[in-house]
Amino acid sequence: MPKLFIPGPTEVLLPQREAQTRPMIGHRSKDYAALHASIEERLKKIMFTENRVFISTSSATGVIEAALKNAVKKKVLVPSNGAFSKKWASVAESCGLEAVRLEYELGKAVKPEDIEKALAEDPEIDAVMLTHSETSTGVLSPLKEIAAVVQKFENVVLLVDAVSSFAAAEIRVDEWGIDLLLFGMQKALALPSGLAFCSVTPEILERSKDQPQGRKGYYFDFTEWEKAAAKNNTIITPALSLMFALDFQLGEIEKNGGIEKRWADHAEMQKITIEWADKKGIEYFSEAGFHSPGVSVLQNSLNWNIGELNEKLKAEHDTEIANGYKDLKEKTFRIGHMGDHTPDGVRELLQWIDELTAA
Ligand SMILES: *Cc1c(COP(=O)(O)O)cnc(C)c1O
């Protein structure tokens, strides 16, 4: 079973995998309602929000599409600094919305002042779709500062893709003023893939109600979701086994020092990787000061054959890192240090890389 140091899906520990084997329960039963309520309550706690948190049986991209369809009135600003953030502009267009791309060079972080300028220039923009951690380049954009800027514009809501930052980086939904925060379970939560979540303010729910006929469809309609959620339910049969695993993992996070401890662990794994790279003369691909705590994207400064290195890691240590994303293949490589990985595990991985690349 290979140990995954890739930026998702991440390594899932055995007890979390085994939690999925609990017997099925009826999804309209009292037991289900109790499970749903307990998961929502505990997610709210680690998201620092009192807003509704929806549980969606879909990948995170499903909730991105849902966010756009329900929460954008007409035109959305999409800061684009990598593969994921670029895609969200096309997804918006495929939903019949207008998208304004704010383009950045790969590796650069989104800057609050650019957002402010773009919003001031175009009063038709009514939403911003920000990718907090751009997983393809390892950049973490300054969410708190960006949220503060968006709050100056009364008619603009902030939607955040926190798929590879949630549970790795500090995020405080209510205090920072985030209208919608979404993420999946296969990254820093270290669970199998298949469920996604988002918090929504009452304003987002109002916008959902006001969408024109035909925009939302049924499966991703927040208005329908809200009616079900008010009864601790979902509109469809949810992925129950995944909810069992999540229920277990939320308990583990609480038992092991809470979400703040998870942030601290990610910061430490990141620090170990930064120090290793510095020592070896390997440069980060992401802009200094904006490295994502869950994934390090490193330049191939020493001209390694990354594909071959990964084959050797697999053969000798049953471990995988990730090559660069698409065009960045072999030019960069990615080390996912998120989820239930540990500082010692990261040190061990880096030592193996040292050994396998020693001349
Ligand atoms: C992984 C990832 C996604 C895609 O998530 P899915 O669950 O595969 O839909 C979206 N955004 C970011 C930033 C990601 O890292």
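Domain bounds here come from an automatic or database domain assignment. A pocket is an open set of points, on a 1 Å grid over the protein atoms alone, where a 1.4 Å probe fits, with protein on both sides within 12 Å along at least five of seven lines; lining residues have an atom within 4 Å of a point. Domain 1 (3-7 + 258-356) and domain 2 (18-254) both contribute to the lining of the largest pocket, so this pocket lies between them.

The model is predicted: local features need pLDDT of at least 70, side-chain atom pairs count only at pLDDT 80 or more, and totals for chains, interfaces and linings use all residues. Residues are numbered from 1 along each chain as its sequence is written, and side-chain values use heavy atoms, without hydrogens and water.

The largest pocket has a volume of about 280 Å³, a volume being the space filled by probe spheres set on the points, which are joined across faces, edges and corners. Its lining has 19 residues, and the closest to the centre are Asn-256, Arg-262, Asp-265, Gly-339 and Asp-340. Helix H11 gives the largest share of the lining, 6 residues.

Ligand oxygen atoms lie 2.5 Å from a side-chain N or O atom of Thr-61, 2.8 Å from a polar side-chain atom of Gln-186 and 2.7 Å from a side-chain N or O atom of Lys-187. The protein covers 87% of the 380 Å² of accessible area that the ligand has on its own, by the Shrake-Rupley method with a 1.4 Å probe.

Key
Helices (H or I, at least four residues) and strands (E, at least two) are DSSP runs, numbered from the N terminus. A polar contact is a pair of N or O atoms within 3.5 Å; within protein, one must be able to donate a hydrogen and the other to accept it, and residues adjacent in sequence count only if both atoms are side-chain atoms.
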